[in-house]
Amino acid sequence: MIIRTETAWVLFFAGLIFLWALILGVWKWQAMTTSPDGLAHPYVDIAHRAALLYSFATGLIAWFVELSGWPTAVNATAAGAIIALFVVTIANYIRLGLQRETDNQMRNPPPSMRFVLAALILGEIGGFGVLLVGFAIEQLA
C-alpha cells in the first residue's frame with residue numbers, strides 16, 4: 001500500500017509519541033515502586049496516559065490526512081499543528097511531574113494560561129476541523 005508522504009510523516013510521529021509513552025511508562029513504574037503509597041506523582045501518571053492517548057489520536061489523524069481532499073500543504077499544516085500541541089502538552093506534564101510542585105496546574109494558573117488554552121483549543125480543534133472537512137469533501141461528495 002502506498003500512502004501519501006504527509007501521511008507517512010504523521011504515522012512516524014504517532015510511532016515516536018507511542019515510543020515516548022512507553023518510556024514514560026518505565027518512569028511511572030519506577031516512581032510507583034519507590035513510592036510509599038505505590039503511586040506515581042499525578043503528573044507522571046498524566047504524562048504517561050496522555051502520551052498513550054495522543055499516539056493513537058495521531059494515528060487517527062493520519063487516516064484523515066490520507067483521505068483528505070486538501071492539498072499536501074494544508075493537510076501537513078493542520079496535522080503538524082495538532083501534533084505540535086500534543087507534544088507541547090506532554091512535555092508540560094513531564095515538567096510538572098519532575099517539579100512535583102502541584103497536582104493540579106489549574107489551581108493557581110499564571111495569567112498566560114488563558115492564551116495557552118486558547119492556542120490548544122484553536123490549534124487542536126481547528127486543525128482537526130480542517131482535516132475533517134477535507135475528508136468530507138473528498139470521501140462523502
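I looked up what covers the buried residues of α1 (buried being under 20% relative accessible area, with a 1.4 Å probe and protein chains only), and found that the cover, counted as contact with heavy atoms within 4.5 Å, includes α2 and α3. The model is a predicted one, in which local features need pLDDT of at least 70 and side-chain atom pairs count only at pLDDT 80 or more, while totals for chains, interfaces and linings use all residues. Residues are numbered from 1 along each chain as its sequence is written, and side-chain values use heavy atoms, with hydrogens and water left out.

I then listed the buried residues of α1, among them Val10, Ala14, Ile17, Ala21 and Leu24. An α-helix has 3.6 residues a turn, so residues three or four places apart point the same way.

Next I turned to the surface, where Phe18, Leu19, Leu22, Ile23 and Phe56 form a nonpolar patch with about 500 Å² of accessible area together. For such a patch I took residues with over 30% relative accessible area and no salt bridge, nonpolar side chains being joined within 5 Å. Helix α1 (residues 5–34) gives the largest share of the patch, 4 residues, whereas Phe56 is found in helix α2 (residues 42–67).

Phe56 is exposed (over 50%), at a relative accessible area of 58%. Leu98, which I located in helix α3 (residues 72–99), is also exposed, at 60%.

Conventions
Patches are made of residues with over 30% relative accessible area and no salt bridge: like charges are joined within 9 Å, nonpolar side chains (Val, Leu, Ile, Met, Phe, Trp, Tyr) within 5 Å. Accessible areas come from the Shrake-Rupley method with a 1.4 Å probe; for residues, only the protein chains shown count as cover. A salt bridge is a side-chain nitrogen of Lys or Arg within 4 Å of a carboxyl oxygen of Asp or Glu. Helices (H or I, at least four residues) and strands (E, at least two) are DSSP runs, numbered from the N terminus.
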